[in-house]
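The stops below are given in the order in which they may be selected.

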Amino acid sequence: ELTYLTEIDQHDHFALGAILEDQPVGLGIARFIRLPDGTSAEAAIVVSDEVQGRGLGRLLLLRLCAAAAERGIERFRCEVLGSNTAMTGLLAQISPERTIEVEDGVMTIDLPLPNVTPSQPQVDHPQGSVFAFLRAAAQNLIEWTEAIRFWRRCSSDRPDGPTRRSAR
């Protein structure tokens, strides 16, 4: 199972993630694995508890959709717990035309990929500085590693040193 989830080729098995640069801490990961029909893939996203509700899952999903479309994928299949209303709501927003099957509290949702490219994210994103930063980085509008280094230099020049806000 570990091999199945970690040995990716970035074509049939694709993954992307979000991390904190100053600490090797993962914030989220999105991946797809092409199914035998060749045009659909099993997709999954996980976002760390401390950053949920801030738009990272949506950003990862849209970037995953764009990467899948670039690789000839037309549909995603997602298995979602029935209690995960945030994910079912997100999938409904990005692809209203979907089919849902429920078995033992798990929903299997099949959906066509929305027409999204990395340079054209969907509108109606949540607001907030973290999301705005991640969106700009995803669109390659900023060199995010330099932006983080600049922020660190600026905040370390302050008398009270760098400030860190809680992610919760």
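In which loop is the place of Asp 104? Asp 104 sits in the loop between S5 and S6, where helices (H or I, at least four residues) and strands (E, at least two) are DSSP runs, numbered from the N terminus. This is a predicted model, in which local features need pLDDT of at least 70 and side-chain atom pairs count only at pLDDT 80 or more, while totals for chains, interfaces and linings use all residues. Residues are numbered from 1 along each chain as its sequence is written, and side-chain values use heavy atoms, with hydrogens and water left out.

Stop 1: Asp 104 has a phi near 55°, a positive value in a residue other than glycine. Asp 104 counts as exposed, at 75% relative accessibility; buried means under 20% relative accessible area, exposed over 50%, and partly exposed in between (1.4 Å probe, protein chains only). Select S5 and S6 next: they run antiparallel and are joined by five bridges. Glu 103 has Val 106 in S6 as its bridge partner.

**Stop 2: the sheet.** Now display the strands together. They form an open sheet of six strands in the order S1-S2-S3-S4-S6-S5, with mixed pairing; two strands pair if DSSP finds at least two bridges between them. Strand S1 (13–20) and strand S5 (99–103) stand at the edges with a single partner strand each, so one side of each lacks a neighbour in the sheet.

**Stop 3: helix H3.** Select residues 85–94, which make up helix H3. Met 87, Thr 88, Leu 90, Leu 91 and Ile 94 are buried in H3. Seen down the axis of H3, these buried residues fall within an arc of 160° and so line one face of the helix; the arc is that of the directions from the helix axis to the C-beta atoms. Thr 85, Ala 86 and Gln 93 are exposed on the other side of H3. The cover over the buried residues of H3 includes strand S3 (40–47), helix H2 (56–70), strand S4 (75–81) and strand S6 (106–112), contact meaning heavy atoms within 4.5 Å.

**Stop 4: Leu 91.** Centre the view on Leu 91, which is buried with a relative accessible area of 2%. Not counting residues up to four places away in sequence, Leu 91 touches Leu 61, Cys 78, Val 80, Arg 98, Ile 109 and Leu 111.

**Stop 5: Gln 10.** Finish in the loop between helix H1 (2–6) and S1, where Gln 10 is found. Gln 10 is not a glycine, although its phi is positive at about 65°. Gln 10 is partly exposed, with a relative accessible area of 33%.
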